[in-house]
Amino acid sequence: MGQQGVLDLDLKSMTDEREEVKTMLVEFLQARGVNGSLSVRAVKKSTRLTSHLLSLLRMVFRMRYLAGKAVTGSEIRKSLLPFLETLGAQHEEGLVEVFMCFPDAPSMKPREESLYYFGDSFTSPILGEVKFGNFPQLQAHMVNGKLPLSVVYLLELGFPPPEVADVVSRFPAIASYSVEGKVKPIIELLLGMGVLATDIPKIILRRPQLFGCSLEENIKPTVALLEGLGVDSEGWIKILSQFPHLLTYSFGKVQQVVQFLADIGLSPKESGKVLIRFPQMIGYSVKAKLKPFADYFNSIGIVDLKNLVVRSPQALGLSLELNIKPTILFFSDNGYTMEELSITILRFPQLLGLSTQGNIRPKWEFFVEMGRANSELVDFPQYFGYSLEKRIKPRFRALEQRGVSWSLNRMLSMTDVLFFKHLEKEKEIAGLVQNISIRDSDDCL
């Protein structure tokens with residue numbers, strides 16, 4: 001497509017997006033009881049609000065626009081609705097005037113708390129003076145030259161300006177949130193859970209949607225539930241550094257996963273420890289993923305599922321079809337009983353996550369070449385965790401050249417320094433034994 005064609009497409013998509021936003025605003029007002037004709041007139045006069053919403057779209061879908069691709073109507077609505085719903089919640093009365101006066105408060109009803117910072121710079125105790133004009137990323141979030149207080153508050157916490165811009169781009173609704181009513185309570189809760197102030201930016205950058213969750217209906221009940229399972233401040237630090245998304249799931253969703261762990265035999269304390277190690281499991285569907293996992297192992301009669309999850313909760317994240325079933329089939333086809341497989345998997349749960357073709361098969365073939373018994377892999381399944389070319393083959397060749405045979409564990413688990421040190425000692429001992437045998441033979445003569 002030529003340059004003019006791209007330009008024409010861009011102009012058309014911008015026009016379409018503006019019309020979609022205006023239609024969305026009309027429907028939003030009508031859904032709140034404003035009659036049709038008044039809604040249409042109000043939206044026609046809400047040019048600054050419309051422009052602000054379009055700028056939010058440009059930030060959220062900036063990579064899409066750079067690629068010359070248009071945004072769909074459903075994507076527009078999904079991205080902008082949180083902003084409008086927050087605006088509607090803050091102004092249950094006089095919403096028409098709020099739309100037309102945006103971003104200024106209507107004179108008939110001044111806001112109890114301003115949502116905008118009046119100034120062109122801000123002094124942060126962590127960042128020092130931040131001049132907004134030096135950061136185009138921040139300027140993109142200004143409305144009539146004013147920066148939302150919620151954005152300024154993030155700067156106060158020590159967020160670098162580019163990262164603040166990233167947070168707002170990924171979660172535009174935060175720009176309309178009250179600091180005291182919405183943003184600050186989330187931060188204070190995290191601090192109360194034991195999160196260090198210096199770690200707050202990392203958590204928010206990974207999951208800015210935290211600010212959109214209800215403290216009373218969602219976050220606090222989840223925190224109370226997990227603390228009842230023994231999750232303390234150190235545990236929360238580990239959970240939130242790995243998976244802050246956990247706090248954005250509904251309380252009901254969290255309850256379902258905790259109940260699943262109880263159903264397979266974990267105690268509350270064990271469930272808490274498992275969630276600290278692998279909080280990502282909260283995001284899994286009990287019906288579509290966790291229960292089929294449990295049902296499969298129960299159906300083939302191997303593995304103490306409770307102990308498997310306690311030892312390696314990450315196993316719950318593996319695919320039954322791509323990981324687990326091919327591995328079980330491979331070993332059963334090569335002569336292992338289900339009892340032996342149970343012992344093997346519990347000793348080395350990571351085996352279930354290895355590629356059958358890319359990892360297990362070539363190591364198995366070399367294991368057979370070494371002439372070892374199948375029982376050795378039951379004793380030391382960690383064999384499959386070592387590099388075939390960098391560890392297994394070189395160590396075996398070194399032993400073979402010296403006519404020495406060691407167990408898999410001894411052959412592989414030592415560092416290179418210790419391996420060759422022990423090998424030299426064994427060589428010395430073998431030499432001494434040989435000399436003694438020669439002397440004994442001479443004495444007999």
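Which residues in H13 meet Leu275, Ile276 and Arg277 in H15? In this predicted model, the residues of H13 concerned are Gly235, Lys238, Ile239 and Gln242. The axes of helix H13 (residues 233-242) and helix H15 (residues 268-277) come within 8 Å and cross at roughly 40°. An angle under 35 degrees would count as roughly parallel, and 65 to 115 as roughly perpendicular; H13 is therefore oblique to H15. By class, the contact of H13 with H15 comprises 3 nonpolar, 2 polar and 2 charged residues.

The protein as a whole has 24 helices and 4 strands. Of its 445 residues, 43% are buried. Among contacts between residues at least 6 apart in sequence, 67% join residues at least 24 apart.

A second helix pair was examined in the same terms. Two packed helices are described by the angle between their axes and the distance between the axes. For helix H14 (residues 251-263) and helix H16 (residues 286-300), the axes come within 11 Å and the crossing angle is roughly 5°. This value falls under 35 degrees, so H14 is roughly parallel to H16. On the H14 side the contact is made by Gln256, Val257 and Phe260, and on the H16 side by Val286, Leu290, Lys291 and Ala294. These residues of the contact of H14 with H16 divide into 5 nonpolar, 1 polar and 1 charged.

Lysine side chains were also found over aromatic rings. Lys253 lies over the face of Tyr249, at 6.0 Å from the ring centre.

Aromatic rings form 18 pairs in the model. One of them joins Phe28 and Phe99, whose ring centres are 6.2 Å apart and whose planes lie at 15°, so the pair is stacked. Phe28 belongs to helix H1 (residues 3-31) and Phe99 to helix H6 (residues 95-101), so the pair ties together parts that are 71 residues apart in sequence.

Another aromatic pair, Phe331 with Phe384, is edge-to-face, with 5.6 Å from centre to centre and 90° between the planes. Phe331 is located in helix H18 (residues 320-333), whereas Phe384 is in the loop between helix H21 (375-379) and helix H22 (388-401). The pair thus links distant parts of the chain, 53 residues apart. Buried means under 20% relative accessible area; Phe331, at 2%, therefore counts as buried, and Phe384, also at 2%, counts as buried as well. The two residues belong to one aromatic cluster, which also includes Phe330, Tyr336, Trp364, Phe367 and Tyr383.

Phe330 of this cluster is also in contact with Thr356. Thr356 is found in helix H20 (residues 356-369). With a relative accessibility of 12%, Thr356 counts as buried. When its neighbours within four places in sequence are left aside, Thr356 is in contact with Pro326, Thr327, Phe330, Arg361 and Pro362.

Terms used
Residues numbered from 1 in each chain as written. Predicted model: local features only at pLDDT ≥ 70, side-chain atom pairs only at ≥ 80, totals over all residues. Heavy atoms only, no water. Phe/Tyr/Trp six-rings, centres within 6.5 Å; stacked < 30°, edge-to-face > 60°. Helix = DSSP H or I, 4+ residues; strand = E, 2+ residues; numbered from the N terminus. Buried < 20%, exposed > 50% of the residue type's maximum accessible area, 1.4 Å probe, protein only. Lys NZ or Arg CZ within 6 Å of the ring centre and 35° of its normal. Axes fitted to C-alpha atoms, helices over the stretch in contact; angles between N-to-C directions. Parallel < 35°, antiparallel > 145°, perpendicular 65-115°, else oblique. Contact = heavy atoms within 4.5 Å. Nonpolar A, V, L, I, M, F, W, Y, C, P; charged D, E, K, R; others polar.
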